[in-house]
Number of protein chains: 4
Amino acid sequence: MKHWHDECAIFGIWENEEASRLVYLGLYAQQHRGQESAGIVSLKEDGRHVHHKGLGLVADVFDEAGLDRLKGKTAIGHTRYSTTGSNLLSNAQPLTAQLMSGPIALAHNGNIVNAEVLREDLKNKGSIFQGTNDTECLLHLLARHPSNDIVKCLQESLPMLEGAYSFVLLTHERMLVARDPQGFRPLVLGRLGKSPVVASETCAFDLIGAKYEREINPGEIFWVDSSGEYSVTSGEAKKNLSQCVFEHVYFARPDSLVFGKSVYESRKQLGAELAKEHPVKADVVIPVPDSGVAAALGYSQESGIPFDMGIIRNHYIRRTFIEPQQNIRSLGVKIKLNPQVAVLKGKSVIVVDDSLVRGTTSAKIISLIRAAGAKEVHVRIASPPTTGPCYYGVDTPKKEELIAANKSIEEIKKFIGADTLGYLSTDGLFKAVKSNSSKYCAACFDGKYPTKIY
Amino acid sequence: MKHWHDECAIFGIWENEEASRLVYLGLYAQQHRGQESAGIVSLKEDGRHVHHKGLGLVADVFDEAGLDRLKGKTAIGHTRYSTTGSNLLSNAQPLTAQLMSGPIALAHNGNIVNAEVLREDLKNKGSIFQGTNDTECLLHLLARHPSNDIVKCLQESLPMLEGAYSFVLLTHERMLVARDPQGFRPLVLGRLGKSPVVASETCAFDLIGAKYEREINPGEIFWVDSSGEYSVTSGEAKKNLSQCVFEHVYFARPDSLVFGKSVYESRKQLGAELAKEHPVKADVVIPVPDSGVAAALGYSQESGIPFDMGIIRNHYIRRTFIEPQQNIRSLGVKIKLNPQVAVLKGKSVIVVDDSLVRGTTSAKIISLIRAAGAKEVHVRIASPPTTGPCYYGVDTPKKEELIAANKSIEEIKKFIGADTLGYLSTDGLFKAVKSNSSKYCAACFDGKYPTKIY
Amino acid sequence: MKHWHDECAIFGIWENEEASRLVYLGLYAQQHRGQESAGIVSLKEDGRHVHHKGLGLVADVFDEAGLDRLKGKTAIGHTRYSTTGSNLLSNAQPLTAQLMSGPIALAHNGNIVNAEVLREDLKNKGSIFQGTNDTECLLHLLARHPSNDIVKCLQESLPMLEGAYSFVLLTHERMLVARDPQGFRPLVLGRLGKSPVVASETCAFDLIGAKYEREINPGEIFWVDSSGEYSVTSGEAKKNLSQCVFEHVYFARPDSLVFGKSVYESRKQLGAELAKEHPVKADVVIPVPDSGVAAALGYSQESGIPFDMGIIRNHYIRRTFIEPQQNIRSLGVKIKLNPQVAVLKGKSVIVVDDSLVRGTTSAKIISLIRAAGAKEVHVRIASPPTTGPCYYGVDTPKKEELIAANKSIEEIKKFIGADTLGYLSTDGLFKAVKSNSSKYCAACFDGKYPTKIY
Amino acid sequence: MKHWHDECAIFGIWENEEASRLVYLGLYAQQHRGQESAGIVSLKEDGRHVHHKGLGLVADVFDEAGLDRLKGKTAIGHTRYSTTGSNLLSNAQPLTAQLMSGPIALAHNGNIVNAEVLREDLKNKGSIFQGTNDTECLLHLLARHPSNDIVKCLQESLPMLEGAYSFVLLTHERMLVARDPQGFRPLVLGRLGKSPVVASETCAFDLIGAKYEREINPGEIFWVDSSGEYSVTSGEAKKNLSQCVFEHVYFARPDSLVFGKSVYESRKQLGAELAKEHPVKADVVIPVPDSGVAAALGYSQESGIPFDMGIIRNHYIRRTFIEPQQNIRSLGVKIKLNPQVAVLKGKSVIVVDDSLVRGTTSAKIISLIRAAGAKEVHVRIASPPTTGPCYYGVDTPKKEELIAANKSIEEIKKFIGADTLGYLSTDGLFKAVKSNSSKYCAACFDGKYPTKIY
């Protein structure tokens with residue numbers, strides 16, 4: 001299922017003998033946030049950096065010898081999901097440069113919405129850009145700043161950026177993180193022994209046995225060096241935060257805490273609210289695996305209708321998999337998902353999914369469910385209709401490809417071939433995450449974009 | 001979790017324009033049965049064979065160009081899980097040879113228990129063996145048979161083999177399959193349009209849209225050539241069959257029919273029987289994913305205790321994963337499985353798994369579940385204690401490594417750190433698969449080996 | 001220049017701590033005899049073999065780790081130039097098998113002319129062949145021999161082979177070499193410290209600092225084991241030997257001794273005889289590099305006409321080189337060879353080459369020499385017209401592609417665009433190698449094939 | 001033999017359908033000038049660039065698909081020999097950047113001696129450097145120049161550079177070349193049909209069948225766009241040129257014209273002058289192949305002593321060559337060079353080489369020549385003693401490693417084990433290239449560095 005993709009994960013650890021291997025693990029645990037490229041930069045005792053980046057999954061980019069070369073007790077890393085087809089490696093992060101004050105490495109989750117404006121201005125002044133990504137702008141702003149004090153440089157450069165950013169930086173003496181004042185993307189602080197660790201999601205802490213301490217606050221710059229740990233506010237945190245509600249709907253791993261809340265619990269609650277809003281008589285509730293499992297459980301528990309695994313997912317999917325040619329492909333979606341006659345035959349079925357993008361995949365799944373003998377197919381979507389693209393670090397289709405931006409719910413129901421179709425309301429969405437629109441960005445659902453769009 | 005492994009899957013299709021691509025898909029769907037190597041042999045119109053084999057997953061071994069070279073309308077394939085470390089490629093299947101009657105290719109799921117005896121005899125007579133696997137014996141028996149009629153060769157050679165075999169063979173004019181008279185391993189016949197297809201499991205038929213027709217019977221030789229489809233009995237089918245009950249417990253994909261029964265339904269029923277035999281008061285039933293999911297659902301539905309996903313599985317696992325040099329506690333398990341505080345904290349938890357091999361993984365999981373805040377941990381195993389190795393095509397540890405062969409249930413409970421531990425009884429096992437000991441081999445549970453052991 | 005190719009080199013060393021690395025060097029020095037594949041088999045102290053084979057040049061097939069795995073103090077190796085396009089790796093040597101007496105490895109330079117006859121007979125008896133090469137026949141003959149004494153097996157099997165063979169074999173306790181009774185291909189014995197070494201050419205001894213002792217005699221079996229060194233005659237050496245004269249003309253490295261004579265000296269002498277037979281007035285003698293250099297020097301010294309490097313050869317040629325498409329290619333031969341205006345302009349030029357196969361390359365070279373300003377171009381070939389293919393281990397074009405088999409010398413002169421053309425006579429050829437037709441096979445020149453042709 | 005290395009070759013072609021393939025060939029012909037990396041940038045019809053760079057030989061870096069992607073009728077390329085071990089790929093050329101006026105690509109042969117000064121200044125102003133090479137400075141100077149007219153930018157930026165440069169540049173509409181006012185490195189203009197082509201050496205023209213027109217003059221900027229071909233002077237050409245005399249001694253291919261003269265003729269003349277300056281009675285003159293061949297011929301013709309190939313060179317050398325762990329004496333040299341007993345035994349030998357760097361290789365060669373039976377060994381070097389490193393684009397050892405900077409000729413003679421040793425004089429050197437010190441830089445011989453050294 002061609003889904004929306006979060007564009008990145010970041011990770012960093014300060015002063016641990018196994019720094020680069022722990023970053024490797026931290027990225028590995030966050031692999032779902034970016035599968036196109038991975039990179040690690042470490043800080044050696046002599047104040048120099050070592051870096052390694054490559055295209056592919058974390059486990060493919062790094063080998064033993066590669067990690068051994070990443071010497072030093074402090075390291076940061078990044079995984080990226082990229083939309084641009086060409087020249088991917090020059091966009092892989094962490095980005096690196098030599099400033100007058102020494103080496104710098106920079107990794108970013110989010111998207112700077114005024115990057116093109118900044119870029120043109122910087123190029124006019126003679127800056128040479130290597131890649132096409134928005135992150136490189138900050139590197140040039142820092143390089144051009146007259147001060148040698150990186151914190152000062154950051155404090156005075158970050159306010160020039162609009163949009164979403166959770167940054168981790170590494171200099172010759174410091175590891176720093178910064179989160180935009182609206183708090184679009186998650187960023188958390190933990191501890192392994194005495195070492196501070198930072199990550200996009202807490203599941204990275206779980207893997208290495210680090211303890212979660214707190215979120216990095218919107219607008220906060222936090223850093224650590226040999227003299228201690230520090231925190232300042234760069235831009236003042238906005239009153240109305242813009243935390244991405246889709247992290248709870250789909251992006252984050254269910255076993256993570258995001259914006260201080262269990263993602264799995266949020267998803268079960270989304271399912272429960274959905275059951276309240278769109279009840280229907282049926283024999284069984286089944287999820288579209290894996291993304292719909294928690295919501296389907298919530299729906300089942302709220303409604304009392306039994307939960308079952310009516311669709312089995314094949315987990316051996318590889319990038320190198322060769323898609324069948326058209327004459328075989330008519331049943332394409334079965335490569336990942338196989339509905340089971342034993343569960344579905346003669347049943348009235350509620351199918352729960354997290355969201356619905358183009359509708360083509362859902363149409364195929366429903367047709368397979370019917371082919372497996374289901375009597376009725378009731379589709380329930382655990383989020384509102386997605387009517388707009390995201391500009392804050394998510395790879396989304398264009399508006400014209402979003403089915404809910406172009407068809408009524410009745411039309412969508414017909415298109416996907418469901419007997420009934422129910423979407424969660426925006427109210428239900430905020431209820432499920434126990435918050436309201438002043439804390440979250442739900443622009444992809446409600447069109448209320450919290451920044452200027454360029 | 002280092003589990004028992006089935007050693008192979010086979011697949012074949014007769015007369016389809018896309019033969020090699022369909023075999024690729026058929027192997028892909030059966031990837032869970034063997035991840036070490038994969039191979040395909042196709043039959044060109046001129047009666048010659050083309051073959052390609054390699055180490056690794058199906059999606060890694062074959063690329064577009066490789067499939068394009070596998071011309072012809074008929075093809076067979078194989079995936080292998082191998083235990084021998086050295087020289088893997090020469091053991092990869094299908095094995096191929098030039099007989100006087102023309103080329104032959106052979107793929108095997110199972111294990112010939114008298115292979116060493118046959119091998120020594122053949123070497124004494126001057127046969128040169130390329131690999132170390134048992135399958136090669138049949139190739140030499142066929143090569144030395146004076147007849148040019150492959151069916152006759154097979155009929156007279158198969159009785160010399162003892163043990164487990166589901167074979168698929170390809171000559172210059174025929175595709176043949178054969179299953180041993182005790183029916184150890186599954187083997188099914190389906191149809192795609194008019195083309196006969198054969199596979200180890202029906203999930204391969206689902207993926208390509210073929211229809212399941214029937215099992216190949218124990219003792220049957222079935223073949224197809226340009227003149228039609230034929231079936232003969234080689235060895236008479238034994239009265240007491242030895243179908244592998246562990247296929248239902250763990251090996252097969254839940255969405256397959258094996259020995260004529262839905263694996264998913266069997267597993268739910270194993271969980272239901274387990275709930276009857278070992279009830280306990282608790283707040284939640286959680287599976288060890290993915291293998292325990294169906295049994296946990298069965299346990300939950302029978303007991304009325306809510307089902308939840310208390311452990312999240314990471315599906316980005318790669319073979320090349322690199323561990324840190326210092327120990328991170330239980331890292332190996334955590335890479336795959338992450339228990340969730342949000343589900344487990346303060347709860348009395350029933351953990352359901354399909355089986356228990358060495359106990360070390362269970363011990364780590366239980367400790368992680370406790371660390372996530374569970375109050376009580378009740379372990380329920382949806383099969384009897386595994387007390388003996390398998391000699392019929394399954395990669396099992398030695399007896400001294402099987403915890404249930406060496407410790408009492410009380411000792412195992414302590415070793416894994418559970419509050420209570422319950423195994424399904426052998427009776428419950430047969431009840432769940434709606435059969436009795438005259439149809440199944442359960443030697444790994446009850447020690448009743450249905451053949452001589454060499 | 002698409003030249004004739006020798007098909008193989010062999011090498012072996014007994015009891016040296018660095019055995020596999022010395023075989024690597026021995027193959028490296030003989031790389032000119034075969035660039036398609038390379039392989040080494042070593043004998044460990046426990047009597048078991050380790051082997052590694054691959055496609056490509058020696059330096060590409062082996063890396064440090066690969067050589068480290070080839071443990072043991074004795075090892076043999078092989079490089080191959082192969083004509084068959086498909087399935088190359090299964091034809092790479094040394095071939096290996098398990099005999100009743102233990103492991104055996106076998107490497108071969110030459111060609112068994114009755115291989116197809118032997119092969120059909122062996123297949124009829126049930127032997128399974130892995131590759132398509134002639135060498136495998138000997139392996140099956142040895143496997144089927146009732147004796148466990150390898151020397152006896154060899155003595156009784158070799159007489160069944162007709163044609164050209166220089167073999168090296170390795171068992172669990174012995175290294176053996178054997179050369180056919182007609183002595184087609186070279187095979188030499190040397191010594192490094194106390195360790196016997198065997199090779200196809202002496203240049204392999206020079207590289208590792210071993211001393212040349214003698215040729216392995218036609219019809220000799222020589223072996224070494226822990227008890228000493230032994231030699232027996234298998235087939236009686238023929239009175240009329242058939243040593244390949246083309247080894248002196250082109251195949252062997254100029255710095256080798258072959259059949260007891262310096263190849264470089266032979267080539268200079270071929271040039272000197274050529275000058276005597278075909279004198280012409282000219283300003284300069286130039287070679288087609290590198291194969292014509294020694295003969296051109298001989299021609300220059302005999303004639304007194306100055307020698308110069310009128311054509312420069314580019315030595316960065318790689319297999320992966322991408323040939324220009326037709327519109328660029330008209331001047332194709334320049335990729336390797338570039339005639340120099342500075343040497344050639346206004347001059348009457350004698351161009352010396354070792355032999356002339358299809359004539360197309362010569363035609364291009366001559367046209368380039370004229371384009372560089374040469375006034376006259378006199379072509380002198382340091383061997384007789386090649387009128388027949390070789391059946392004794394050399395990759396030659398078919399008769400219809402050999403220009404001298406299809407055109408008169410006058411026609412060839414016109415075809416290649418020379419002002420005059422002179423070939424060495426067969427008498428001159430034998431004079432140059434200081435021998436006569438009773439010692440050499442010159443069938444490619446005179447059509448007198450010394451064996452039955454199948 | 002670890003020799004001095006020229007650091008680069010450049011190539012460019014304007015408006016040819018096969019542009020990228022011709023650049024590939026042009027680089028291939030100049031492979032001797034740089035084997036570490038290769039790169040090509042092409043200009044598509046829409047004014048955008050496509051580039052591909054990689055580490056290794058030209059034939060390894062590019063494959064068919066790679067060349068096909070380099071669309072467009074104009075392209076430039078570069079090969080590099082690099083001294084820096086780390087991070088080679090970011091130093092590979094052509095360098096690319098996005099200027100305000102559009103894309104630019106830049107390839108360089110030479111060395112900017114004031115690069116470090118420029119670099120510090122640019123970094124102070126906020127420029128971010130990607131690699132460590134001197135060439136990147138020009139890119140930043142161009143990026144910071146306020147004009148959009150690339151010719152103007154170049155005219156005003158080049159005078160800030162001191163040292164050696166032959167540049168080729170590609171914009172969205174122009175191909176440009178520039179050569180420093182002292183003319184250190186060669187740069188030539190040719191024509192293929194109507195298309196202008198530029199290269200470091202004329203051998204690149206020969207390969208693709210282009211006609212040589214003239215040198216790009218010292219101080220000239222030449223460019224071509226859709227409106228025509230233009231030439232301006234950037235810095236005024238110096239009265240005293242500094243053309244690198246070592247190009248004639250060793251760097252360039254013998255079949256090239258460099259600074260308007262045949263390299264092969266120069267080398268023969270160097271040998272002839274050497275014979276005049278250092279005559280000696282001997283039986284044979286032999287070259288150290290391949291670099292000493294032309295000089296040895298010159299020596300032989302001047303002295304009347306016969307020329308012979310006393311040392312055979314193996315051309316299958318690979319970078320990955322693996323040495324044995326125990327020492328084989330002089331193995332490193334023997335891998336490449338094998339002296340022949342047949343030529344040398346009992347002879348008084350003159351060995352001619354182009355130059356002598358550390359002396360260690362010569363010592364080994366001489367010892368091998370003596371081991372082959374030579375009675376006397378007279379070493380003749382066809383250039384003066386190399387007493388200083390080069391700062392103008394050549395990879396040279398430090399002064400303390402240059403034997404002639406640290407030992408007298410008598411001491412060198414003893415060190416290398418020669419019976420007599422003769423170097424060409426500086427006068428002889430200039431006589432051979434038919435010029436004088438006002439046209440050439442011979443600083444490595446005479447210490448007269450023609451620029452400030454930083």
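## A sheet, a helix and two kinds of partner

In chain A, seven strands (DSSP runs of E, at least two residues) form an open antiparallel sheet in the order β4-β3-β5-β2-β11-β10-β12. Strands count as paired if DSSP finds at least two bridges between them. At the edges sit β4 (49-55) and β12 (211-215) of chain A, each pairing on one side only. From one strand to the next, the twist averages 15°.

This is a predicted model, where local features need pLDDT of at least 70, side-chain atom pairs count only at pLDDT 80 or more, and totals for chains, interfaces and linings use all residues. Residues are numbered from 1 along each chain as its sequence is written, while chains are lettered from A and ligands numbered from 1 in the order in which they are written.

Now for the neighbours. Chain B puts 52 residues in contact with 50 residues of chain A (contact means C-beta atoms, placed from the backbone, within 7 Å). Helix α1(B) gives the largest share of chain B's side, six residues. Here is that side by class (Ala, Val, Leu, Ile, Met, Phe, Trp, Tyr, Cys and Pro are nonpolar, Asp, Glu, Lys and Arg charged, the others, Gly among them, polar):

| Class | Chain B side touching chain A |
|---|---|
| Nonpolar | 29 residues |
| Polar | ten residues |

How does chain D lie on chain A? A turn of 179° and a shift of 0.1 Å along the axis do it, with an RMSD of 0.1 Å (least squares on C-alpha atoms of residues with pLDDT of at least 70 in both). The two copies are thus related as by a two-fold rotation axis.

Technical notes:
Contact = placed C-beta atoms within 7 Å. Helix = DSSP H or I, 4+ residues; strand = E, 2+ residues; numbered from the N terminus. Axes fitted to C-alpha atoms, helices over the stretch in contact; angles between N-to-C directions.
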